[in-house]
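This briefing sets out the fold of a single protein chain and the surroundings of selected residues. Please view the sequence and the structure together while reading.

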Amino acid sequence: QVQLVESGGGLVQAGGSLRLSCAASGSFSSINGMGWFRQAPGKQRELVATISSGGNTNYANSVKGRFTISRDNGKNTVYLQMNSTKPEDTAVYYCNADVTVVGGVTYRYWGQGTQVTVSS
């Protein structure tokens, strides 16, 4: 069983910063790609940023230059540093991870989501 637990969401004023964390726990062989998605009310879930096991990153155009994704492989944790936040960043943020479990099968797991609200 693999669990992803997010933390760090909350309320921030526009222009402020937040740091989200997502820690994986359970029984598995390795964690491959990890990422952050978000879903605003009435909208579809969208990609925010991804990071490979080797550290290669990819960002949505809307967050480039403002958000930074990173990971600590020793802690099985992925982070999202959110700077220069805007009201349109308000959403529930979800992390995911492609995890290879014992037996060699890879599954995509999702966290439970953490609310980020940016006030104007």
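Arg45 has a relative accessible area of 36% and is therefore partly exposed, a class that lies between buried (under 20% relative accessible area) and exposed (over 50%), computed with a 1.4 Å probe and protein chains only. The model is predicted, so local features need pLDDT of at least 70 and side-chain atom pairs count only at pLDDT 80 or more, whereas totals for chains, interfaces and linings use all residues. Residues are numbered from 1 along each chain as its sequence is written, and side-chain values use heavy atoms, with hydrogens and water left out.

**Arg45 and its surroundings**

- Arg45 sits in the loop that runs between strand E4 (30–39) and strand E5 (46–51); strands (E, at least two residues) are DSSP runs numbered from the N terminus, as are helices (H or I, at least four residues).
- Not counting residues up to four places away in sequence, Arg45 touches Phe37, Arg38, Gln39, Tyr94 and Trp110, where contact means heavy atoms within 4.5 Å.
- Between Arg45 and Val92 the C-alpha to C-alpha distance is 9.1 Å, although 47 residues separate them in sequence.

**Overall fold**

- The protein chain contains 11 strands and zero helices, which gives the pattern β-β-β-β-β-β-β-β-β-β-β along the sequence.
- The radius of gyration of the protein chain is 14 Å, close to the 14 Å that the globule rule gives for 120 residues, so the chain is as compact as a globular protein of that length; the radius is taken over C-alpha atoms, and the rule is 2.2 Å times the number of residues to the power 0.38.
- Along the principal axes, the C-alpha atoms of the protein chain fill a box of roughly 50 × 25 × 25 Å.
- Of the 120 residues, 42% count as buried.
- Among contacts in the protein chain with a separation of 6 or more, 55% come from residues 24 or more positions apart.
- The protein chain exposes about 6200 Å², and carbon and sulfur atoms supply 46% of this area, as computed by the Shrake-Rupley method with a 1.4 Å probe.

**Arg71, a buried charged residue**

- Arg71 belongs to strand E7 (residues 67–72).
- Arg71 is buried but forms no salt bridge, and the nearest side chain of opposite charge, that of Asp72, is 8.3 Å away; a salt bridge requires a side-chain nitrogen of Lys or Arg within 4 Å of a carboxyl oxygen of Asp or Glu.
- The side chain of Arg71 reaches two backbone oxygens, that of Ile31 at 3.3 Å and that of Ile51 at 3.4 Å.
- Beyond its neighbours within four places in sequence, Arg71 is in contact with residues including Asn32, Gly33, Met34, Ser52, Thr77 and Tyr79.

**Thr100 in strand E9**

- Thr100 lies in strand E9 (residues 91–100) and, at 13% relative accessibility, counts as buried.
- Leaving aside neighbours within four places in sequence, the contacts of Thr100 are Phe28, Ser29, Ser30, Asn32, Val105 and Thr106.

**Positive phi in loop residues**

- Asn76, a residue other than glycine, has a positive phi near 50 degrees.
- Asn76 is placed in the loop between E7 and strand E8 (77–82) and is partly exposed, with a relative accessible area of 24%.
- Ser84 is not a glycine either, and its phi is positive at about 50 degrees.
- The loop between E8 and E9 holds Ser84, which counts as partly exposed at 41% relative accessibility.

Conventions: Lys and Arg count as positive and Asp and Glu as negative; His and the chain ends are not counted. A polar contact is a pair of N or O atoms within 3.5 Å; within protein, one must be able to donate a hydrogen and the other to accept it, and residues adjacent in sequence count only if both atoms are side-chain atoms.
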